[in-house]
Amino acid sequence: MENQRQKEKLNNVVSFIPNGEYYFNKALKAMDKDQMDKAYKYMKRAAELSPDDAHVLMQLGILEMEAQNFEKAYELIHTAYSIEPSEPEHVFFLAEVSGCIGMIRDAQKYAEMYLEMEPDGMYVDEAEEIIEFVQYEHDEEEPLNEEDSEKLVAQEKARRLMENGQFNQAIEVLEQLIERFPDLWPAYNNLALAYFYIEEAEQAKALLHQVLRENLGNLHAICNLTVIAYYEKDDQELSQLIDMLKKINPYDWENRYKLGATLALIGEYEMAYKWLQSMKKKGFAGDTGFYFWLAQAAYFSGHVEEGKQAWKILVDLDPSKDGFEPWIDVEKETDEESLENNREFIIEKIVSKYSTHRMFGFFLLSKSAYKQEIIAHPKLIDLTKYSGVEKLCLAYALGHEFDEVNEMEKHFVRSMEVAEELYKSTATITLEVQYLFQMWFVLSERALKAEYQFKNIKALAAAVEYMFFSTINSKKVTKKHYALKFGISTATLTKYVEELIEYLPFD
């Protein structure tokens, strides 16, 4: 009974992933302090956790407008309006963002609606300006028609759903869109990616081949097939597709971006750099994705300083990327046999059926040069399959700041400090010492369930090393050696060995 209670308590520990209201309030506080980068990050997270909260979507839409991401803003504000059409603020901002993307008839319609709803409202002057502007511009520009508006809204909604990992909902939106517009090829391409993300690779490939049959030479379809072949390790197919991509010379900026980003993702850095670097002069202010791929392609194709400069621009745009440079661990002198930089080994651990293997895999991920690539993979990380402590390990790998007022999180952080102490002791993790770390994660998982407090970090690390190496060669291993190594007394070492023995999996 007690064990069941402890298990339920541990599985309910998800305080490191707070709810949407928590992040919404943090965003508002950041806005009050004029910390707009933090405000955007928190508001985006709030929208991910509360996708049906009109007020959250509305505020994120306003922030996207301020960043001049008008298509994203339109979809968010339009969704907020669909949820709460009687809210005057939603109507006003729908008018404003409609004007920003050229939907001037809608801008006028919603501005007039707002004035009817709130003739003395706080946005009356702005609404009247929108109407005046539309009337002036009416004969100057051809506005988007109703079909263009429908396509834009649906594609932006699907994009946002996919960004939030809601792939089945995105599939539903895109399938309805394709049924309505059977030659809308971007929708097919995004639908194929959504199918791939839910592990329906054959359906994804079938859609992409359909696009190539009916829209010969569609670059996005070729690029998406390339990404699928790369992740599926289909070397023959990948080689053929890469040869095809290397022969393509796109003049369209969107196609250059897609080609460059795809080549960077699969490690064809020199060609990726050629296309992405050619786009710099056009200017991509605010486009974090562009600078991410440019930085990676430049650095790994030998243009090290340019890569670092591109990353600096990215960090200026998105400070949360600071410290996550793709090359950060590559620049450290590491053993060629280190498991931290063995991509396949890390993936093997992360997808293992054993929870302690996954915990170890996340710890390796925190040290790995492949962290960004593995985290970005659509099928490797699945929060729904993880226990509470595994989620904590993943959060640790991602650099999450824990709340040590929370007892569970405090104990978890201390358990990871023991792992860090072991890492410092071994300098790197090789095949030979992996079982030392694996042993620790077995012990720590069981100790966390028992609410163990991990009081003496160095003593615990010493105890684990002594227990592990004494099983390999009991005659040559002494407590005195490990006590001296970690700067503790033999008596203290003995005490912690005895404590940890309680958590060995004898049952």
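In this predicted model, Glu-344 is partly exposed, with a relative accessible area of 38%. A fitting place to start is its partner: the side chains of Glu-344 and Lys-233 meet in a salt bridge, with an N to O distance of 3.1 Å. This pair links distant parts of the chain, as Lys-233 sits in the loop between helix H13 (219–231) and helix H14 (235–246), whereas Glu-344 belongs to helix H19 (residues 343–350), 111 residues apart. Lys-233 also counts as partly exposed, at 47% relative accessibility.

The count of salt bridges comes to 15, and two further pairs are worth a visit. Arg-358 and Glu-390 form a salt bridge in which the closest N and O atoms are 2.4 Å apart. Because Arg-358 lies in helix H20 (residues 355–367) and Glu-390 in helix H22 (residues 388–397), the pair ties together parts that are 32 residues apart in sequence. Both Arg-358 and Glu-390 are buried.

Turning to the other pair, Lys-458 forms a salt bridge with Glu-421, and their closest N and O atoms are 3.0 Å apart. Here too distant parts of the chain are linked: Lys-458 is in helix H25 (residues 457–472) and Glu-421 in helix H23 (residues 407–426), 37 residues apart. The two partners can be told apart by their cover, since Lys-458 counts as partly exposed at 38% relative accessibility, while Glu-421, at 11%, counts as buried.

Glu-21, Asp-52, Asp-53, Glu-84 and Glu-87 gather in a patch of negative charge. Within this group, Glu-84 is found in the loop between helix H5 (70–83) and helix H6 (88–100), and its relative accessibility of 37% makes it partly exposed. A patch of positive charge brings together Lys-29, Lys-33, Lys-38 and Lys-41. Of these residues, Lys-33 lies in the loop between helix H2 (20–32) and helix H3 (36–49); Lys-33 is exposed, with a relative accessible area of 59%.

H24 is mostly covered, with 12 of its 16 residues buried. Among the buried residues of H24 are Leu-436, Phe-437, Met-439, Trp-440 and Phe-441, along with Gln-434, Gln-438 and Glu-445.

Definitions and conventions:
Residues are numbered from 1 along each chain as its sequence is written. This is a predicted model: local features need pLDDT of at least 70, side-chain atom pairs count only at pLDDT 80 or more; totals for chains, interfaces and linings use all residues. Side-chain values use heavy atoms; hydrogens and water are left out. Patches are made of residues with over 30% relative accessible area and no salt bridge: like charges are joined within 9 Å, nonpolar side chains (Val, Leu, Ile, Met, Phe, Trp, Tyr) within 5 Å. Accessible areas come from the Shrake-Rupley method with a 1.4 Å probe; for residues, only the protein chains shown count as cover. A salt bridge is a side-chain nitrogen of Lys or Arg within 4 Å of a carboxyl oxygen of Asp or Glu. Lys and Arg count as positive and Asp and Glu as negative; His and the chain ends are not counted. The place of a charge is taken as NZ of Lys, CZ of Arg, CG of Asp or CD of Glu. Helices (H or I, at least four residues) and strands (E, at least two) are DSSP runs, numbered from the N terminus. Buried means under 20% relative accessible area, exposed over 50%, partly exposed in between (1.4 Å probe, protein chains only).
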